Each structure stands twice: as C-alpha cells, then as structure tokens.
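I opened this model to look up its sheet, its helix packing and a few single residues. My entries follow.

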Amino acid sequence: MIIYTYQSVRVLRILKSGEVHRAHRSQKYGHAYDCLVDMLNLNCECPIFGNLRFHRKNTGGSTSNSVKLILKVPKENVWLTEYSEWADFMYMLQFTSPKDYHDLIAGEVDNITKEKLHRTIESLKLQRNPWAYRVPQAILEEIRPEWLAEYKVKL
C-alpha cells in the first residue's frame with residue numbers, strides 16, 4: 001500500500017541511516033493513542049498516522065512536520081480507521097473512565113451513550129477494504145527504511 005505521512009527531518013535521517021523509526025508516546029494524546037494501540041492490538045508505544053494514495057484525506061489539521069514521506073508498506077503492516085470515527089472517539093474519551101475507555105463516567109453525556117461509544121470502538125477495530133472508508137486513516141506500528149519510496153522536504 002502507498003502511504004503518505006508527514007514526519008520530522010529527524011525521522012528521515014533515521015530511515016536514511018538504515019534504522020527503523022518507532023514513535024514515542026505522545027504527551028498530548030498519550031491516553032487516546034494508548035486506547036488505539038489496545039483496540040487494534042498494536043505492538044508499539046505510539047501509532048504512526050498516514051493517508052492512503054488515491055483516497056480522500058483530512059485537511060482540517062495543521063502540521064509542523066517538514067517532510068512528506070511516501071512509503072510502500074506491505075498490507076499486513078497497515079491498519080485502517082475512519083478519520084471521523086477516530087475524531088469522535090477522541091471527543092468521547094474525555095467522558096470515559098480513566099481506567100477503562102469502554103465505560104462512560106456518568107451515563108449519557110452530551111448525546112454520548114454507552115451504545116454509541118461501543119459502536120465507535122467496534123467500528124475502529126473492524127478492518128475493511130480501503131474503499132469502504134470515506135476518509136481512511138492509515139496506522140503503522142513503525143516505519144522501516146525499506147518502505148521509503150520517496151520523500152519531499154517542505155521549505
């Protein structure tokens with residue numbers, strides 16, 4: 001699969017030196033990323049996010065990362081989620097128990113029900129054909145140097 005991801009120059013240097021890049025735990029999104037690692041049964045400290053070639057991409061966020069990596073990743077090393085469902089889950093997470101993201105703290109909060117939370121979690125776990133997603137979000141455990149097909153440094 002062709003994956004586009006934006007990373008720092010440091011990541012590019014790691015890959016060009018022949019080493020594998022594995023992301024470290026995010027301070028800002030650590031809890032949400034821990035939940036995603038658990039949901040998808042990933043073997044990493046922090047997931048790496050990307051987009052699929054020929055698919056709609058989320059353009060709402062900004063990035064300070066300065067290198068666009070174009071990766072050729074074996075299908076078995078890619079997990080997919082729907083971007084909007086991931087965004088919904090990140091919002092719902094603030095209303096869940098800190099010890100168990102499956103449980104809402106106070107029943108129904110802000111139109112979030114336990115059923116809606118569980119549907120969102122199950123949907124994030126379910127791996128579908130890439131074309132079954134409106135805006136697919138690619139998830140990687142790592143970036144291997146042999147996957148690097150091309151890169152573009154932003155000026």
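**Entry 1: the sheet**

I began with β4, which four bridges join to strand β7 (residues 136-140), the two running antiparallel. The model is predicted, so I noted the limits: local features need pLDDT of at least 70, side-chain atom pairs count only at pLDDT 80 or more, and totals for chains, interfaces and linings use all residues. Residues are numbered from 1 along each chain as its sequence is written, and side-chain values use heavy atoms, with hydrogens and water left out.

I checked the terms next. Helices (H or I, at least four residues) and strands (E, at least two) are DSSP runs, numbered from the N terminus. Two strands pair if DSSP finds at least two bridges between them.

Which residue of β7 is the bridge partner of T81? I found Q137 there.

Six strands form an open sheet in the order β4-β7-β2-β1-β3-β8, with antiparallel pairing. β4 (79-82) and β8 (148-153) stand at the edges with a single partner strand each, so one side of each has no neighbour in the sheet. From one strand to the next the twist averages 35°. (Axes are lines fitted to C-alpha atoms, for helices over the stretch in contact, and angles run from 0 to 180 degrees between N-to-C directions.)

I also looked at β1 (residues 2-7) and β3 (residues 67-72). Six bridges join these antiparallel strands. Y4 stands opposite I70 in β3.

**Entry 2: burial**

I took buried as under 20% relative accessible area, exposed as over 50% and partly exposed as in between (1.4 Å probe, protein chains only).

Is β4 covered or open on its faces? Both faces are covered: W79 and T81 on one side are buried, and so are L80 and E82 on the other. In a regular strand the side chains alternate between the two faces of the sheet.

I moved to L71, in strand β3. L71 is buried, with a relative accessible area of 0%. Leaving aside residues up to four places away in sequence, L71 touches M1, I2, I3, T5, L140, I143, W147, L148 and A149. Contact here means heavy atoms within 4.5 Å.

**Entry 3: helix packing**

I looked up α2 (residues 30-40) against α3 (residues 83-93). Their axes come within 10 Å and cross at roughly 120°. α2 and α3 are therefore oblique to each other. Angles under 35 degrees count as roughly parallel, over 145 as roughly antiparallel, 65 to 115 as roughly perpendicular and the rest as oblique.

H31, A32, Y33, C35, L36 and M39 of α2 meet W86, F89, M90 and L93 of α3. (Ala, Val, Leu, Ile, Met, Phe, Trp, Tyr, Cys and Pro count as nonpolar, Asp, Glu, Lys and Arg as charged, and the others, Gly among them, as polar.)

The axes of α3 and α4 (residues 114-125) also come within 10 Å, crossing at roughly 135°. That makes α3 oblique to α4. E85, W86, F89 and M92 of α3 touch K116, L117, T120, I121, S123 and L124 of α4. This contact has six nonpolar, two polar and two charged residues.

**Entry 4: a loop residue**

Last, I checked N41, in the loop between α2 and β2 (48-52). Its phi is near 55°, a positive value in a residue other than glycine. Most residues other than glycine have a negative phi. Buried or exposed, I asked of N41? At 66% relative accessibility, N41 counts as exposed.
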